[in-house]
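Me: I have a model open and want to learn how to read it. Can we go through it feature by feature?

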Amino acid sequence: MKQFIPFLGILFLLQCATDLRQVPPPTINGNTDRIKSKLTLVIGKFEILSADRGVYTDAWRKSFKGHLQSAALFSNVITELEPNSIKEFYTIDIEMKTNYDDKYNWWISWPALWPFTAIWPIQYRIGEYSVEFQYKLFLNQNLVKEETIVKKGNALEYLYGFYQVRKFQRMVEETNLEAVNTCIKSIEESL
């Protein structure tokens, strides 16, 4: 029995859950020669409707700001407005919801639970993820556009699906990036 204790310790250290905090990395390489609007954009409310939104919200705000700067739609993108500094400006308020669902085919995967725990390779797992952006774009506190953008992604793993999460995390990041790009294109159409 003592020889199994280190093995059990290693099993508990393995991370089998998919980390949903996959924020698309911010990119800042915008072409300032093709700016669509001479006005400044203020990122107002950025709320993630999730239980673990603490540090996650700041990372999303920074990433979204970087993507907006890269798109070069506005002359400047800021997160806080100094009082009486700018007369005309755009403001965007965003609410974001995410949903992730893991599904397993237990008929194929049951030997991984017993009797061949951690050595049975066939562990069929499907991950389904959806992200929803609800944004409101204001020009000097007048509503210009309000839209909801929903993007969905899925991934599946046949071999060692309990333990391999890289493919699922990549799918979450790509779905988030697709939602951000769609949101930016939608904002560009309303300018």
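Reply: Start with a pair of side chains. Lys45 and Glu95 form a salt bridge, with 3.1 Å from N to O. Lys45 sits in strand β1 and Glu95 in strand β3, so this contact ties together parts that are 50 residues apart in sequence. Keep in mind that this is a predicted model.

Me: How many salt bridges does the count come to?
Reply: The count comes to 8 salt bridges. The rule asks for a side-chain nitrogen of Lys or Arg within 4 Å of a carboxyl oxygen of Asp or Glu.

Me: Now the sheet. In what order do the strands come?
Reply: The general idea first. Strands of a sheet pair through backbone hydrogen bonds, either parallel or antiparallel. Here 5 strands make an open sheet, ordered β2-β1-β3-β4-β5, and the pairing is mixed. The edges are β2 (74-78) and β5 (142-159); each has a single partner strand, so one side of each is left without a neighbour in the sheet. On average, neighbouring strands are turned by 25° against each other, direction ignored.

Me: In which sense do β1 and β3 pair?
Reply: Strand β1 (residues 37-48) and strand β3 (residues 89-104) pair in the parallel sense, over 7 bridges.

Me: How many bridges join β3 to β4?
Reply: There are 15 bridges between β3 and β4, and these strands run antiparallel. Thr98 has Val131 in β4 as its bridge partner.

Me: And in which sense do β4 and β5 pair?
Reply: β4 and β5 are antiparallel, with 16 bridges. Glu128 stands opposite Asn154 in β5. Phe138 has Leu143 as its bridge partner in β5.

Me: Which residue should I check in the hairpin of β4 and β5?
Reply: Look at Asn140, in the loop between β4 and β5. This hairpin has 2 residues between the strands. Asn140 has a positive phi of about 50°, although it is not a glycine.

Me: What does Lys145 touch?
Reply: Leave out residues up to four places away in sequence. Lys145 then touches Tyr135, Lys136, Leu137, Ser186, Glu189 and Ser190. Lys145 itself is in strand β5. Compare sequence with space: Lys145 and Glu189 are 44 residues apart in sequence, and 9.9 Å apart from C-alpha to C-alpha.

Me: Next, the helices. Which strands does α4 lie across?
Reply: Helix α4 (residues 166-189) lies across β2, β3, β4 and β5. Its direction runs at about 160° to β5. Helix α3 (residues 106-113) packs on the sheet too, touching β3 and β4 (122-139). The direction of α3 makes about 110° with that of β4.

Me: Which peptide bond is cis?
Reply: The one joining Trp114 and Pro115, where omega is about 10°. You will find Pro115 in the loop between α3 and β4.

Me: Last, pockets. How much space lies in the largest pocket?
Reply: About 180 Å³. Its lining has 10 residues, and those nearest the centre are His67, Ser70, Ala71, Asn181 and Ile184.

Me: Which elements supply at least two residues of that lining?
Reply: α2 (54-71) and α4 each do. The most comes from α4, with 5 residues.

Me: And how does the lining of the largest pocket divide by class?
Reply: The lining has 4 nonpolar, 4 polar and 2 charged residues.

How values were computed
Residues numbered from 1 in each chain as written. Predicted model: local features only at pLDDT ≥ 70, side-chain atom pairs only at ≥ 80, totals over all residues. Heavy atoms only, no water. Pairing = 2+ DSSP bridges. Helix = DSSP H or I, 4+ residues; strand = E, 2+ residues; numbered from the N terminus. Axes fitted to C-alpha atoms, helices over the stretch in contact; angles between N-to-C directions. Contact = heavy atoms within 4.5 Å. 1 Å grid on protein atoms, 1.4 Å probe; cavity = no way out; pocket = protein on both sides within 12 Å on 5 of 7 lines; lining within 4 Å. Points joined across faces, edges and corners; volume = space filled by probe spheres on them. Nonpolar A, V, L, I, M, F, W, Y, C, P; charged D, E, K, R; others polar.
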